Amino acid sequence: MTDHDLAADLLGAPPEALLARAAARRDAAHGRVISYSRKVFIPLTQLCRDVCHYCTFAHAPRSGQPAYLSPEQVLAIARAGAQAGCTEALFTLGDKPERRYRAAREALAALGYPSTIAYLAAMCALVFKETGLFPHVNPGVMDAGEIAALRAVSVSQGVMLESVSARLCARGGPHYGSPDKRPERRLETIRLAGEASVPFTTGILIGIGETRAERIDALGAIRDLHAAHGHIQEVIVQNFRAKSDTKMAQAAEPDLEDLLWSIAAARLILPEDVHVQAPPNLSPGVYPRLIAAGIDDWGGVSPVTPDHVNPEAPWPAIEALAEGSAAAGKILVPRLPVYPAFAFAADRWCAPALAAAVRRGIDADGWAREDDWSPGKLIAPRLPAPRLAAVDPELRRAVARACAGERLEEAAIVRLFAARDADYAYVTAAADALRREVSGETVRYVVNRNINYTNICYYHCKFCAFSKGKTHEALRGAPYDLDMAEIVRRAVEAWDRGATEVCLQGGIHPDYTGATYLAICRAIKQALPGMHVHAFSPLEVTQGAATLGIPVPEFLAQLKAAGLGTLPGTAAEILDDPVRAVISPDKIMTRQWLDVVQAAHRLGLRTTATIMYGHVERPESWARHLLALRDAQAETGGFTEFVPLPFVHMEAPMYLRGLARKGPTFREAVLMHAVSRLVLHPLIPNIQTSWVKMGPEGVAACLQAGANDLGGTLMNESISRAAGTEHGQEFPPEAMEGLIRGIGRAPAQRSTLYGPIGNERRARSFGAAELAPVVQTPPRKVLAAE
């Protein structure tokens, strides 16, 4: 459709039909969510060289009133915002007041800055350093150098286009006497921001004398600039509000129908990846109607500061905004000043330090994290109560298909992972009902001991805080390589404490060969014929076979003959090669991992399956991972259980380098258990939850959302502890069973293969003696890899 035809369509379409089309386009692109940014408003200066006839924000210098906020005042506002849970510091200010007022020039000189933009850049850097708030700046018209200077200290910038009508700048127009409101100057600023890769906000101001056709022209100009540079995050459709003490005090305001038409026009003209926003404080009481016109964002809302541009219009309470959004069937979600698409590509759109902070501040969908919970942290998890009454029909259909045992497609699984509010409650309840149908009310666990025989490793996985080598001195603990006698001693001690399993894994030591792994199995089985040996990830198996020069199936057969009972399905991380290439580029890829576990299955060796999630990947990768496991299970049928392992970020190298998120959110972690229950049904019957990563409250939630297994008591836990978990090294049977009974379920000890445990083993596991101090045998020689 040409621009002429589009304009004719928009100007001539029946209003109800136009709004319905806009809402449908919005829903197709953005689903059930509507976003907002929790911000604090910092009016750095209200001096401005422009004299817009509707503005009360800008004013001339006033006696006794500083021209600029001081750094102390800026920080006080920012700190109040940070304390209130804000993530955005919105700097709004007049346009280059030093070009009009001596008072501005003198104030800048006293502060030690040559220009308003230079002072703004310094205050952005100060606020980010001291509070962690993300600066978003609205300083007016800028040149390329000014945009670049602010890009280094802010995550996003903005300037309202308002209109492309030059006649509004003529005598008698609202922009007369305001040189920075010339449309060509504002369009040039937007263009330069695109060239500089700056996430950008712009918008139109309706009701100041422009026509609807001119609004269409303005929206088309924004569309074209975005097509050239891809940098327009959001377009604000702002309705003029008449203010006293302005030249337009008596001007008529646009009515609601005019605003709704303008919103719909924006949604239909702009690309789907450009968000459409309407300020909620300028249209109180009609939130569902604004949503019905096509918006998908409310803009910045402050729990701390007023709207200094529209002081007569208070911000709505965020709870009220959430209720109003829910009334229109939408789920309110917080965002950063950068929207998800820009957050995921932060290295392109943000300066390095800001990009790292953005990654740390988002969830797997790119929205702002809603609480401080992370795997391994001693922070109570929380989720807001559902507000929506209805569940998304598409999601309901996907759940029904999964419960019937159908293989879902990737898009349907991604939709399940996106569940929030009533959808989240529905998915978790359905998973729990399916768990009840499959495994009843019993929660099983195994009494075992983890033995990590070495933390020396020549791989360089970016998520691992456990391995040691020449480049790992800053990480926790010293390198060690356990003597065989210490390995056996720990296994015997575990047996004496009621264990039925030892789980053995370690780094890929450059001196280890397949013979090392065979010797470990033989030594344990010779000392403890009844102990189940659960050992060696597919990576260790691959390395062991390679060192012996034999195929993987042959090596697995030798391990089985030496006493190996089952294999842990670790080293899976994310079974999606583009992600593996980022987090562990030198490790085996997806197909190799699957080949090892399926070779084990064909030899009668059962394995677990895992996922390590919440770092750089997105839900699409989670879906691919689950489908890879489901397909493998359909073929060889050897997985005993699926174990979600949320990324523990605190000491992980890629987090410390600013490359990863802070692990999954609590919602995402619970959903991983629920969605895996649904997607893997009926092929993998057991879903395990990790107490060492989720904590007691977290595993209790997962056990009521599809999980049926609490894993092992562990006795020693080294890998998550090295990454920073605060949940301890052992969860003894007394604590396990207390937690299980506390949620109304029945505990049962199990074997590694989910068989029953004899009375003697169970009795020994209760009231067990304290563990003797472990001996971390130091490396016995300098390693070649070091």
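## Strands, helices and cores in a predicted model

Student: What makes strand 1 (residues 33-45) count as mostly covered?

Tutor: Twelve of the 13 residues of strand 1 are buried, where buried means under 20% relative accessible area, exposed over 50% and partly exposed in between, with a 1.4 Å probe and protein chains only. Strands (E, at least two residues) and helices (H or I, at least four) are DSSP runs numbered from the N terminus. This is a predicted model, in which local features need pLDDT of at least 70 and side-chain atom pairs count only at pLDDT 80 or more, while totals for chains, interfaces and linings use all residues. Residues are numbered from 1 along each chain as its sequence is written, and side-chain values use heavy atoms, with hydrogens and water left out.

Student: How do you know that strand 1 pairs with strand 9 (residues 331-335)?

Tutor: Two strands pair if DSSP finds at least two bridges between them, and five bridges join strand 1 to strand 9, which run parallel; in strand 9, L332 is the bridge partner of I34. Strand 1 is also joined by six bridges to strand 2 (residues 88-93), again running parallel, with F41 facing its bridge partner L90 in strand 2.

Student: Why is helix 3 called oblique to helix 5?

Tutor: Helix 3 (residues 71-83) and helix 5 (residues 116-131) pack at an angle of about 40°, with their axes 10 Å apart. Axes are lines fitted to C-alpha atoms, for helices over the stretch in contact, and angles run from 0 to 180 degrees between N-to-C directions. Angles under 35 degrees count as roughly parallel, over 145 as roughly antiparallel, 65 to 115 as roughly perpendicular and the rest as oblique, so helix 3 is oblique to helix 5.

Student: Which residues of helix 3 and helix 5 make the contact?

Tutor: Contact means heavy atoms within 4.5 Å; among the residues that make it are P71, V74 and L75 of helix 3, together with Y119, M123 and L126 of helix 5.

Student: What makes a group of residues a nonpolar core?

Tutor: A nonpolar core is a set of buried Ala, Val, Leu, Ile, Met, Phe, Trp, Tyr and Cys residues joined through side-chain atoms within 4.5 Å. The largest one here has 120 residues, and those with the most contacts inside it include V427, F536 and W593. Helix 26 (residues 666-679) gives the largest share of this core, nine residues. Apart from it lies another core, of 84 residues, among them L6, Y68, L225 and A278.
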